[in-house]
Amino acid sequence: MEKAEEILRILEGNARLSTKEISDMIGIDEEKVKDVISRLEKEQIILKYKTLINWEKFGVEEVYAIIDVRVNLTREKGYDDIAKRIAKFPEVHAVRLVSGDYDFQVVVKGKSLKEISFFIAEKISTIPEVRDTVTHFVLRTYKEEGVLLFEDEEDRRLAIVP
Amino acid sequence: MKRIGGSQLSHRVNKKVKELKPSGIRRFFDLIIGREDVISLGVGEPDFAVPWRIREEMIYSLERGITSYTSNLGLPELREAVADYYTKFGVDVDQGNVLITTGVSEGFDIAMRSIINPGERVVIPEPAYVSYVPLSILAGGDVITIPTSPDFKLRYEDIVKVGEAKVLVINYPNNPTGVSYTKKELEEIADAVIEIDAIVISDEIYAELSYNFKHVSIASLNGMEDRTVILNGFSKSFAMTGLRVGYAIAPDDIFESMLKIHQYCMLCAPVTAQIGAIEALRNGDDELEEMRAEYLRRRNFFIKRIKEVFEVNTPDGAFYAFPCIENTGMSSEEFAEKLLFEKNVAVVPGTAFGECGRGYIRCAYAVSMDKLKEATDKIIDFVNSL
């Protein structure tokens, strides 16, 4: 694997590893690791370092909704224009152009069902190119960003195995 | 109700078994039991669970009620998949020569019993996996060990010095040293094997966990195709340890003998495990590659750090490092015991793998990166405090 890719894979799994630890893991100088990371940051390949939090477990309720959005394209407004307009709302968590029955999958985050419903009614449905929307409220999340949000297997191995 | 036990029956126990040395690991295992929060680098099995797609396939087979015996040979689809798979290591295998076993341990046992007559010589390079010597003795072999310290490489001269022998056992990448062999090095070993006219039992269970060069089966070398029994399985590459499924690839006559013993003592490998193994070979490549990459990172990390206090060779494969701890002035057992009592970190004394492991410890890096970091810090602290 190319070193930059290897560093990205490692950071994708655990962004808190130090450059020294990464350098030990892949066998190149720490200075080189630092260079590669700062280049990747500058090129905006590394966009952000975040923490994946189980808010529900912490006791904070957050409401997510997935909205299927169908749009009418015009000469003036293509997918990119409409997507950018939707994406800029801070309530919008993710926007994806998808294949199938509708055009955009929009994930919206809010404090309550009401807040999200009003946001969609006022801000998304009223965009002239939006034909219609279907809203799915998220009831429970089982897996997020490749991480299971429920208790799973523990290490059951014996302490010493030949 | 009658209660079993209480009478002295040791005079009724088989003499050969009675004389076998107890496993060097056993005593150490007892020391750990009851201690809490031990970080163990003593575990010779993957810390990954069996990839879900394999588990799911096995669950589905149970739902459909597939729970009966299979053919003694194993499921035809699995034998075919194994034969195809082994071309990867340079050998052209006919599925007629593939026997599905209950792990490499059974494969080793029946291979040895198929080949050895009482008193015939079995050559085992040490340090070696703990079951080779006892199983060879039980098969009636006269065991000759070859010490390979300090670089733990078996060489032409070491083998020819022994003279004629019926069997040579090799295991690469090696448990406990992590040493493996390039094609060129294997050619040297093969020349020696032909010279002493031996059959090789080649335990290649760690083949997929090779980091420095591609694994080559010794059976692929000139003149070795009819002198080699290949043993391999799914325990290490697909983390299927407790499912007990492996295979032997052997030349016709030895194959027939092995099959005879296998059909009487084992009947067949567990059917659920065989079904999982088929899925592993058909669709397990991505998961395998992910695990391999992770082991490699851990190896690099561990070796880099542990070199601060010990001399150690960089392992070519498997998930073991075998550092020399002689600079501490302690014996392997003493070191392992003190490290456990003072730092709650478990390693295995090198002597568990033969006399020439004296002065070494085996550290398995099949633990999560976080635990590995913590354990490494603790070992380094411990040595620096001496």
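Strand E11 (residues 348-349) of chain B is joined to E12(B) by 2 bridges, and the two run antiparallel. Strands here, like helices, are DSSP runs numbered from the N terminus (helices H or I, at least four residues; strands E, at least two), and two strands pair if DSSP finds at least two bridges between them. This is a predicted model, in which local features need pLDDT of at least 70 and side-chain atom pairs count only at pLDDT 80 or more, while totals for chains, interfaces and linings use all residues. Residues are numbered from 1 along each chain as its sequence is written, and chains are lettered from A and ligands numbered from 1 in the order in which they are written.

A residue is buried if 20 or more other C-beta atoms lie within 10 Å of its own, exposed if 12 or fewer, and partly exposed in between, with C-beta atoms placed from the backbone.

The domain assignment divides chain B into domain 1 (11-49 + 286-384) and domain 2 (66-283); such bounds come from an automatic or database assignment. The C-alpha centres of these two domains of chain B lie 24 Å apart. Their contact takes 31 residues from domain 1 of chain B and 33 residues from domain 2 of chain B, where contact requires C-beta atoms, placed from the backbone, to lie within 7 Å. On the domain 1 side, H11(B) gives the most, with 5 residues. The residues of that side divide into 17 nonpolar, 7 polar and 7 charged. In this scheme Ala, Val, Leu, Ile, Met, Phe, Trp, Tyr, Cys and Pro are nonpolar, Asp, Glu, Lys and Arg are charged, and the others, Gly among them, are polar.

Chain B also holds an open sheet of 7 strands with mixed pairing, in the order E2-E8-E7-E6-E5-E3-E4. Its edge strands, E2 (98-101) and E4 (142-147), each pair on one side only. The twist from one strand to the next averages 20°. Within the sheet, E7 (residues 228-233) and E8 (residues 246-249) of chain B pair in the antiparallel sense over 4 bridges, with Gly233(B) opposite Gly246(B). Helix H5 (residues 103-115) of chain B lies across E2, E5, E6, E7 and E8 of chain B and runs at about 160° to E7(B). Axes are lines fitted to C-alpha atoms, for helices over the stretch in contact, and angles run from 0 to 180 degrees between N-to-C directions.

The largest nonpolar core has 123 residues, of which Ala111(B), Val167(B), Ile189(B), Ala248(B) and Tyr365(B) touch the most other members. Such a core is a set of buried Ala, Val, Leu, Ile, Met, Phe, Trp, Tyr and Cys residues joined through C-beta atoms within 7 Å. Beyond its neighbours within four places in sequence, Val167(B) has contacts that include Ile115(B), Val122(B) and Ile201(B). A second, separate core of 13 residues includes Ile67(A), Val95(A), Val108(A) and Ile120(A).

Chain A is divided into domain 1 (3-42) and domain 2 (55-144), whose C-alpha centres lie 35 Å apart. Between the chains, 13 residues of chain A are in contact with 21 residues of chain B.

How values were computed:
Contact = placed C-beta atoms within 7 Å.
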